[in-house]
Amino acid sequence: MDAIINQTGGLHFIDAPGGTGKTFLISLILASVRSQGNIALAIASSGIAATLLDGGRTAHYALKLPLKWQFSEDYTCNIRKNSSMGKVLQTCKIIVWDECTMALKKSLEALNRTLQDLRNTNLFGGALILLAGDFRQTLPVIPDSTPEDELNACLKSSFLWSRVKTLKLTTNMRVALQNDTSALQFSNQLLDLGNGKMPVNPATNCITFPPDFCKMAQSIEDLIISIFPNIDRNFKNTQWLCERALLAAKNVDVNYINNIILNRIGGSIKTYNSIDTVMEENDVVNYPIEFLNSLDLPGFPPYVLQLEIGVPIVLLRNIDPPKLCNGTRLAVEKLHNNIIEATIITGKYKGEN
């Protein structure tokens, strides 16, 4: 706040493990700056994180970041000085970037070049940049890469990281408010896992979990039953669904588990097929239907999408911002041939259609 009042700018990073009150702190900073009539820009690397911030947007949408980084090292954001976003960046007092640990270092460097151009001055144009996240969690995802590639793409590998002033949140507020000793023990175990302090089995070179850390399921079926018991009766209870989730590292596993759960519900399933035709007739030879149907791109629904009334879905791409943010969870209400009606179950506009 002193940097904002004195207009000294700078680059700060809030190191905040889960439960330490990072979102609450960021919201308080944003509200304080805006209450003084100043502009505070809130962005996040993922749509889910953006929904938790007042006025939050994804970094790619707000900053018009390039999608293909491999062709150049000197990219800038696609923002012109006389555009509305350009004027916002010229006058804003602070830019808050949540979950920055998932972003490529080139994203931050592109923002630096853009602000220097818009504000005609040095580091970030004199603006205050507040990064927030936890490097113990997800780093940038580089397809078909090695761990070295991910580390090289991380923010800590950027030349800007030497300018960062790190602030730390250490008290787990969820545990402190609940006064639960078991939750405190689990929180410490998560920190040990993220800090690389878990014991390693020399025979398998794998991490060894403490006996009280988690329960191991013997199969995917057992895992589904333990997380979603009586799913055929409870799947329309949105509050019940919001309290549980299954995570998987790859889309193929997500689709496999989703199909198992969908079949367990046992209702009327409606199938939607993606468009499998080409615009030009001459392209039919180069792009046959079988090839188009085999594509499974990240961030896109599968070729065959099966839905049922009551099941939760996730908004992947919103073409009418800012009403909904990418990553918003919804519950299916009605299924038509070309339209899906759904009710928001998470996000700022909860309960609207």
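Guide: A crossing is left-handed if the near helix is turned anticlockwise from the far one by less than a right angle, and right-handed if clockwise. Here, helix α10 passes helix α13 in a right-handed crossing. This is a predicted model, in which local features need pLDDT of at least 70, side-chain atom pairs count only at pLDDT 80 or more, and totals for chains, interfaces and linings use all residues. Residues are numbered from 1 along each chain as its sequence is written, and side-chain values use heavy atoms, with hydrogens and water left out.

Visitor: Which residues make the contact between α10 and α13?

Guide: Contact means heavy atoms within 4.5 Å. On α10 the contact is made by Ile 220, Glu 221, Ile 224 and Ile 225, and on α13 by Tyr 256, Ile 257, Ile 260, Ile 261 and Arg 264. By class, this contact has seven nonpolar, no polar and two charged residues. Ala, Val, Leu, Ile, Met, Phe, Trp, Tyr, Cys and Pro count as nonpolar, Asp, Glu, Lys and Arg as charged, and the others, Gly among them, as polar.

Visitor: What makes Lys 106 count as buried?

Guide: Buried means under 20% relative accessible area, exposed over 50%, and partly exposed in between (1.4 Å probe, protein chains only). Lys 106 has 16% relative accessibility, so Lys 106 counts as buried. Lys 106 is placed in helix α6, and touches Trp 69, Ser 72 and Glu 73, leaving aside residues up to four places away in sequence.

Visitor: Why does Phe 124 count as buried?

Guide: Phe 124 has 0% relative accessibility and therefore counts as buried. Phe 124 is found in the loop between α6 and β5, and has a positive phi of about 50 degrees although it is not a glycine.

Visitor: Why does Glu 99 count as buried?

Guide: At 17% relative accessibility, Glu 99 therefore counts as buried. Glu 99 lies in the loop between β4 and α6, and has a positive phi of about 50 degrees although it is not a glycine.

How values were computed: Helix = DSSP H or I, 4+ residues; strand = E, 2+ residues; numbered from the N terminus.
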